[in-house]
Amino acid sequence: MGLYDAYLATRYRLHDAEPPAHVALVLTERDLLADGAFDTLASAIGWAFEYGAERVTVSVSVLDRAVAPTLIRELRRLDAPAETVVRGPDADESPDTSTDDAPVRILVGLGGKAEFAGAVRELASDVADGEIPPDAIDEADVADRLLFPEEPDLVIKTGAERLSDFAIWQSVYAELYFTDVNWRDFRRREYLRAVLDFQDRQRRFGR
């Protein structure tokens with residue numbers, strides 16, 4: 001750890017506010033094409049747990065759906081520091097069945113719009129089957145049908161000020177952190193800056 005990183009880590013340790021318990025990282029397929037990108041991801045997940053996170057969600061948006069199976073295969077080989085589940089469209093997800101609630105969850109090509117549409121389809125099917133009356137549907141019914149129901153405390157996006165269709169339902173009250181640093185240059189200090197920014201904010205919860 002460099003001197004500046006040590007300084008940031010000390011600020012983190014001395015801060016009165018709690019760190020984010022659930023951190024989400026938003027990536028693109030292009031981010032993962034850079035040399036060392038998967039090693040950076042493994043390190044970033046490790047930093048999250050090192051600095052107080054209990055759960056990490058990684059969203060990888062893809063422009064070409066055909067690359068999703070390759071990304072899923074590579075991500076399942078990721079040397080992550082905690083039990084990991086990787087999910088994606090049209091992929092064999094059987095290896096992850098027993099780890100569906102793993103502390104690290106990686107979603108490939110499953111954008112927030114598609115996820116929300118899937119939840120609506122399930123609700124429509126349940127209504128058609130008479131399992132739930134339409135006027136009884138509430139927010140919890142929608143959340144229960146999402147790929148992951150928990151709301152992240154902090155969402156980190158590198159390289160651009162767009163969320164890439166990430167978790168539009170779950171991120172309503174999340175703190176968003178955008179950095180100009182591209183994923184290939186994302187280091188411990190960038191993660192610590194995001195956490196310190198989170199700690200410095202007055203949590204707004206939509207207000």
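Predicted model: local features only at pLDDT ≥ 70, side-chain atom pairs only at ≥ 80, totals over all residues.
Two packed helices are described by the angle between their axes and the distance between the axes. For helix H1 (residues 3-14) and helix H6 (residues 188-200), the axes come within 10 Å and cross at roughly 25°. Angles under 35 degrees count as roughly parallel, and H1 and H6 are therefore roughly parallel to each other. The crossing in which H1 passes H6 is left-handed.

On the H1 side, the residues that meet H6 are Tyr 4, Asp 5, Leu 8, Ala 9, Arg 11 and Tyr 12. Their partners in H6 are Arg 188, Arg 189, Leu 192, Arg 193, Val 195, Leu 196, Gln 199 and Asp 200. By kind, the residues of this contact between H1 and H6 comprise seven nonpolar, one polar and six charged.

| Residue | Relative accessible area | Class |
|---|---|---|
| Asp 126 | 15% | buried |
| Gly 46 | 21% | partly exposed |

Asp 126 belongs to helix H4 (residues 112-128). Buried means under 20% relative accessible area, so Asp 126, at 15%, counts as buried. Apart from neighbours within four places in sequence, Asp 126 has contacts with Glu 131, Ile 132 and Arg 145.

Gly 46 lies in helix H2 (residues 37-50). With a relative accessibility of 21%, Gly 46 is classed as partly exposed. Between Gly 46 and Asp 79 the separation is 33 residues in sequence, and their C-alpha atoms are 10.0 Å apart in space.

Conventions: Residues numbered from 1 in each chain as written. Heavy atoms only, no water. Axes fitted to C-alpha atoms, helices over the stretch in contact; angles between N-to-C directions. Helix = DSSP H or I, 4+ residues; strand = E, 2+ residues; numbered from the N terminus. Parallel < 35°, antiparallel > 145°, perpendicular 65-115°, else oblique. Left-handed = near helix turned anticlockwise from the far one by under 90°. Contact = heavy atoms within 4.5 Å. Nonpolar A, V, L, I, M, F, W, Y, C, P; charged D, E, K, R; others polar. Buried < 20%, exposed > 50% of the residue type's maximum accessible area, 1.4 Å probe, protein only.
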